[in-house]
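Here's a quick tour of a fold, taken piece by piece. Keep the viewer open and follow along.

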Amino acid sequence: MSTVVEYTMVVKPGSYDEVLALYIDFADSFGLANATEDLILVTGDAEAGVIRGIGVFMSDEQATDVVSASIFERFRGEVAHLLADSPVREGLELVHVFVKD
(Lines give C-alpha, C1' and ligand atoms only; values in the text may rest on other atoms or scores of the structure.)
Protein backbone atom coordinates (compact mmCIF):
# COMPACT_ATOMS: atom_id res chain seq x y z
CA MET A 1 0.00 0.00 0.00
CA SER A 2 1.19 3.54 -0.69
CA THR A 3 2.45 5.79 2.08
CA VAL A 4 1.85 9.52 2.36
CA VAL A 5 4.38 11.72 4.11
CA GLU A 6 3.47 15.24 5.17
CA TYR A 7 6.35 17.58 6.00
CA THR A 8 5.17 20.82 7.62
CA MET A 9 7.29 23.91 8.19
CA VAL A 10 6.39 27.13 9.98
CA VAL A 11 8.57 29.93 8.66
CA LYS A 12 9.88 33.04 10.36
CA PRO A 13 8.17 36.32 9.46
CA GLY A 14 9.38 37.59 6.11
CA SER A 15 10.77 34.19 5.04
CA TYR A 16 7.68 32.65 3.44
CA ASP A 17 8.48 33.42 -0.21
CA GLU A 18 12.10 32.31 0.10
CA VAL A 19 11.27 29.01 1.80
CA LEU A 20 8.43 28.34 -0.64
CA ALA A 21 10.75 28.86 -3.63
CA LEU A 22 13.39 26.59 -2.08
CA TYR A 23 10.77 23.94 -1.33
CA ILE A 24 9.42 23.98 -4.88
CA ASP A 25 12.95 23.69 -6.31
CA PHE A 26 13.68 20.82 -3.92
CA ALA A 27 10.41 19.03 -4.73
CA ASP A 28 11.02 19.25 -8.48
CA SER A 29 14.62 18.03 -8.20
CA PHE A 30 13.69 15.29 -5.76
CA GLY A 31 10.78 14.10 -7.88
CA LEU A 32 12.96 13.83 -10.97
CA ALA A 33 15.68 11.92 -9.10
CA ASN A 34 13.47 9.60 -7.04
CA ALA A 35 11.51 6.92 -8.87
CA THR A 36 9.82 5.74 -5.64
CA GLU A 37 7.76 8.90 -5.22
CA ASP A 38 4.49 8.88 -7.14
CA LEU A 39 3.26 12.39 -6.34
CA ILE A 40 4.54 15.55 -4.67
CA LEU A 41 2.28 18.38 -3.55
CA VAL A 42 3.48 21.62 -2.00
CA THR A 43 0.84 23.69 -0.23
CA GLY A 44 1.15 27.00 1.52
CA ASP A 45 -0.62 29.49 3.72
CA ALA A 46 1.29 32.77 3.46
CA GLU A 47 -0.74 34.48 6.18
CA ALA A 48 -0.01 31.73 8.72
CA GLY A 49 3.55 31.19 7.44
CA VAL A 50 2.94 27.47 6.95
CA ILE A 51 4.29 25.40 4.08
CA ARG A 52 3.53 21.71 3.66
CA GLY A 53 5.03 19.16 1.35
CA ILE A 54 3.02 16.02 0.78
CA GLY A 55 4.64 13.05 -0.92
CA VAL A 56 3.10 9.76 -1.98
CA PHE A 57 5.49 6.81 -1.95
CA MET A 58 5.15 3.21 -3.09
CA SER A 59 5.88 1.83 0.41
CA ASP A 60 6.66 2.72 4.03
CA GLU A 61 10.29 1.68 3.53
CA GLN A 62 10.77 4.02 0.59
CA ALA A 63 9.16 6.88 2.50
CA THR A 64 11.49 6.24 5.43
CA ASP A 65 14.57 6.13 3.19
CA VAL A 66 13.89 9.70 2.04
CA VAL A 67 14.70 11.15 5.46
CA SER A 68 18.38 10.26 5.05
CA ALA A 69 18.64 11.08 1.33
CA SER A 70 21.41 13.62 0.75
CA ILE A 71 19.17 15.90 -1.35
CA PHE A 72 16.65 16.07 1.54
CA GLU A 73 19.38 16.70 4.10
CA ARG A 74 20.73 19.55 1.94
CA PHE A 75 17.26 21.10 1.66
CA ARG A 76 16.69 20.92 5.43
CA GLY A 77 20.05 22.63 5.99
CA GLU A 78 19.22 25.40 3.50
CA VAL A 79 15.96 26.35 5.21
CA ALA A 80 16.75 25.64 8.88
CA HIS A 81 17.67 29.25 9.71
CA LEU A 82 14.44 30.49 8.06
CA LEU A 83 12.09 28.37 10.19
CA ALA A 84 10.32 29.44 13.37
CA ASP A 85 10.30 25.90 14.75
CA SER A 86 11.44 22.38 13.92
CA PRO A 87 9.63 20.86 10.91
CA VAL A 88 7.07 18.15 11.62
CA ARG A 89 7.11 14.95 9.54
CA GLU A 90 4.11 12.64 9.65
CA GLY A 91 3.60 9.33 7.88
CA LEU A 92 0.08 8.51 6.83
CA GLU A 93 -1.61 5.62 5.04
CA LEU A 94 -3.08 6.48 1.66
CA VAL A 95 -6.74 5.54 1.93
CA HIS A 96 -8.35 6.93 -1.22
CA VAL A 97 -7.57 8.99 -4.30
CA PHE A 98 -10.08 10.45 -6.72
CA VAL A 99 -8.77 12.01 -9.92
CA LYS A 100 -11.11 13.62 -12.40
CA ASP A 101 -10.00 13.52 -16.04
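Predicted model: local features only at pLDDT ≥ 70, side-chain atom pairs only at ≥ 80, totals over all residues.

The buried residues of helix 3 are Phe72, Phe75 and Val79. They cover an arc of only 60° around the axis, so they end up on the same side of helix 3.

What sits over those buried residues? The cover includes strand 1, helix 1 and helix 2 (60-66).

## Helix 1 against helix 3

Two packed helices are described by the angle between their axes and the distance between the axes. Here, the axes of helix 1 (residues 16-33) and helix 3 (residues 70-79) come within 11 Å and cross at roughly 175°. That crossing makes helix 1 roughly antiparallel to helix 3, as anything over 145° counts that way.

Who makes the contact? From helix 1 it's Val19, Leu22, Tyr23, Phe26, Ser29 and Phe30, and from helix 3 it's Ile71, Phe72, Phe75, Glu78 and Val79. Sort the residues of this contact by type and you get nine nonpolar, one polar and one charged.

Four of them form an open sheet in the order 2-3-1-4, with antiparallel pairing. Strand 2 (37-45) and strand 4 (88-93) take the edges with a single partner strand each, so one side of each has no neighbour in the sheet. From one strand to the next, the twist averages 15°.

Look at strand 2 and strand 3 (residues 50-57): they run antiparallel and are joined by eight bridges. Leucine 39, for instance, has valine 56 of strand 3 as its bridge partner. Helix 1 packs on the sheet, where it touches strand 1 (3-10), strand 2 and strand 3. The direction of helix 1 makes about 175° with that of strand 2.

## A stop at valine 10

Is valine 10 buried, partly exposed or exposed? Its relative accessibility is 35%, so valine 10 counts as partly exposed; the buried class would need a value under 20%, and the exposed class one over 50%.

Leaving out residues up to four places away in sequence, valine 10 touches Gly49, Val50, Leu83, Ala84 and Asp85. Take valine 50 from that set: valine 10 and valine 50 are 40 residues apart in sequence, yet their C-alpha atoms are 4.6 Å apart in space.

Notes: Residues numbered from 1 in each chain as written. Heavy atoms only, no water. Axes fitted to C-alpha atoms, helices over the stretch in contact; angles between N-to-C directions. Helix = DSSP H or I, 4+ residues; strand = E, 2+ residues; numbered from the N terminus. Parallel < 35°, antiparallel > 145°, perpendicular 65-115°, else oblique. Contact = heavy atoms within 4.5 Å. Nonpolar A, V, L, I, M, F, W, Y, C, P; charged D, E, K, R; others polar. Pairing = 2+ DSSP bridges. Buried < 20%, exposed > 50% of the residue type's maximum accessible area, 1.4 Å probe, protein only. Arc of directions from axis to C-beta.
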